[in-house]
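Hi,

Here is the structure I promised to pass on.

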Amino acid sequence: MDIYFSGSIRGGRQDVEVYQRVIKLLQQYGAVLTENNFKAGGGGDDEKDLDDREIHDRCMAWLEQAEVVVAEVTQPSLGVGYEIAQAVGMDKRILCLFRESTGKKLSAMIRGCDNEDTIIVKDYKEADLPAILQEFFTSVQAEAEGDDGDEGEEDIEGEEVDEEEGAGEEEEDEDDGE
Ligand SMILES: O=c1[nH]c(=O)n([C@H]2C[C@H](O)[C@@H](COP(=O)(O)O)O2)cc1CO
């Protein structure tokens, strides 16, 4: 499974060590496409090697590729907010992680977009993270398996409706004959 991890870079890099620990846990579930953005020192070599358009376009391609997005949203970041909004538009499964213990208040535009289904916002302590990720990825997996099972039933119902319409037409023909 391809995972897009999103965390603040130019919005402030003080949580980079938390991000590295989250990424390490995420790697139990799949490949973290954005791993190199959060290597020691913050933004890795990205800002040296790539201009802003190249950073944007590369991140959008990774976002398209990813099945799920996990965003650490404690440190406010325009880029993280933009990535979450883009992921909503792409119908990705999204988990936003926020540390209340910092005393910060999460934007209503992030906390308020939780729909208890495709977009989940969790207040967490690092000790709780393994259980939170386990629950999230179990539900992603269950949904992926459930989607395949539903499609066949719609076809069968469609055939039944056609048969009833045919019977109605025959009755009308008899009335015309009297
Ligand atoms: O050098 C970068 N590399 C990069 O991949 N990003 C992406 C990934 C991060 O999840 C997000 C961080 O946005 P911001 O820099 O506005 O905090 O944007 C952002 C920058 C710098 O804006």
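Where does Thr-74 lie? Thr-74 sits in the loop between β3 (68-72) and α4; helices (H or I, at least four residues) and strands (E, at least two) are DSSP runs, numbered from the N terminus.

Before going on, two bits of housekeeping. Residues are numbered from 1 along each chain as its sequence is written, and side-chain values use heavy atoms, with hydrogens and water left out. The model is predicted, so local features need pLDDT of at least 70 and side-chain atom pairs count only at pLDDT 80 or more, while totals for chains, interfaces and linings use all residues.

Thr-74 counts as buried because its relative accessibility is 1% (buried means under 20% relative accessible area, exposed over 50%, partly exposed in between, with a 1.4 Å probe and protein chains only). Its side chain reaches the backbone nitrogen of Arg-99 at 2.9 Å. That is a polar contact: a pair of N or O atoms within 3.5 Å, where, within protein, one must be able to donate a hydrogen and the other to accept it, and residues adjacent in sequence count only if both atoms are side-chain atoms. Leaving out residues up to four places away in sequence, Thr-74 also touches Asp-15, Leu-97, Phe-98, Arg-99, Thr-102 and Lys-104 (contact means heavy atoms within 4.5 Å).

Leu-97 takes us to the sheet, where its bridge partner in β5 is Lys-122. β4 (residues 93-98) and β5 pair in the parallel sense over five bridges; two strands pair if DSSP finds at least two bridges between them. The open sheet has five strands in the order β2-β1-β3-β4-β5, with parallel pairing. At its edges are β2 (31-32) and β5 (119-123), each pairing on one side only.

Gly-81 counts as partly exposed because its relative accessibility is 29%.

Finally, the ligand. α2 (46-49), α3 (52-65) and α4 (78-89) each supply at least two residues of the shell around the ligand. A polar side-chain atom of Ser-6 lies 3.3 Å from a ligand oxygen.

Cheers
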